Amino acid sequence: LPLAEIRELNDVHAIGGSTAAMLDRLDEVLAQRLAELDARIGEVRMGGNQALAEALAVFVETAANADELDPDDREELLEQVDLILEQARMPEGSRKPGLLRGAIRSVGEIASTVTAIGAAWDRLEPLIRAAFPFQF
């Protein structure tokens with residue numbers, strides 16, 4: 001999480017100087033984010049794109065469990081995947097190609113910093129590109 005969000009969590013939840021409490025809360029926030037992404041991935045699965053849903057699930061799980069990934073990069077990565085999933089839910093004419101291109105580029109850049117995430121991205125990226133019928 002970005003430092004600003006950590007400060008906000010600290011203020012809102014009055015966990016002060018307790019490192020253990022802060023780490024527990026951060027785990028809760030990550031778990032909530034992952035649950036939200038899992039629900040959106042479920043929508044992709046129910047929409048009939050099983051291969052994309054499975055690749056997304058593997059990618060998100062790999063990113064969430066990659067200890068070597070910087071926490072700020074993990075947050076950005078998950079936000080960008082969320083943006084991609086949000087765009088996938090929209091009708092084709094309402095999608096924003098520029099946002100998608102930027103999100104895909106950002107995910108690719110971050111994924112390339114960790115071998116396991118990069119490998120998961122190599123499987124996912126072609127499926128994402130195939131799911132959106134415009135030129136990258």
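Colleague: Does Gln87 count as buried or exposed, and at what relative accessibility?

Modeller: This is a predicted model, in which local features need pLDDT of at least 70 and side-chain atom pairs count only at pLDDT 80 or more, while totals for chains, interfaces and linings use all residues. Residues are numbered from 1 along each chain as its sequence is written, and side-chain values use heavy atoms, with hydrogens and water left out. Buried means under 20% relative accessible area, exposed over 50%, and partly exposed in between, with a 1.4 Å probe and protein chains only. Gln87 has a relative accessibility of 2% and therefore counts as buried.

Colleague: Which residues is Gln87 in contact with, leaving aside its neighbours within four places in sequence?

Modeller: Gln87 lies in helix α4; helices (H or I, at least four residues) and strands (E, at least two) are DSSP runs, numbered from the N terminus. Contact means heavy atoms within 4.5 Å. With neighbours within four places in sequence set aside, the residues touching Gln87 are Arg95, Lys96, Leu99, Leu100 and Phe132.

Colleague: How many helices and strands does the protein chain have?

Modeller: Along the sequence, the pattern reads α-α-α-α-α-α. The count is six helices and zero strands.

Colleague: What share of the residues in the protein chain is buried?

Modeller: The protein chain has 136 residues. Of these, the buried share is 35%.

Colleague: Which residue forms a salt bridge with Arg40 at 3.9 Å, and where does the pair lie?

Modeller: A salt bridge is a side-chain nitrogen of Lys or Arg within 4 Å of a carboxyl oxygen of Asp or Glu. For Arg40 and Glu86, the closest N and O atoms are 3.9 Å apart. This pair links distant parts of the chain, 46 residues apart, with Arg40 in helix α2 (residues 19–46) and Glu86 in helix α4.

Colleague: Which residues are linked with Arg40 in a network of salt bridges?

Modeller: The structure holds six salt bridges. The network that includes Arg40 also takes in Asp82 and Glu86.

Colleague: What is the N to O distance between Arg89 and Glu43?

Modeller: Arg89 is partly exposed, with a relative accessible area of 48%, and Glu43 is partly exposed at 39%. Their side chains meet in a salt bridge, with an N to O distance of 2.9 Å.

Colleague: Why are Arg129 and Glu125 separated by about one helical turn?

Modeller: Arg129 and Glu125 form a salt bridge, with the closest N and O atoms 2.9 Å apart. Both lie in helix α6 (residues 115–131), and they are separated by about one helical turn because their spacing in that helix is four residues.

Colleague: Which helix gives the most to the negative patch?

Modeller: Patches are made of residues with over 30% relative accessible area and no salt bridge, like charges being joined within 9 Å and nonpolar side chains (Val, Leu, Ile, Met, Phe, Trp, Tyr) within 5 Å. Asp and Glu count as negative, Lys and Arg as positive, and His and the chain ends are not counted. The surface patch of negative charge gathers Glu5, Asp70, Asp72, Glu76, Glu79 and Glu109. With three residues, the element that gives the most to the negative patch is helix α4 (residues 71–89).

Definitions and conventions:
Areas by Shrake-Rupley, 256 points an atom, 1.4 Å probe, with all protein chains shown as cover. Charge placed at Lys NZ, Arg CZ, Asp CG, Glu CD.
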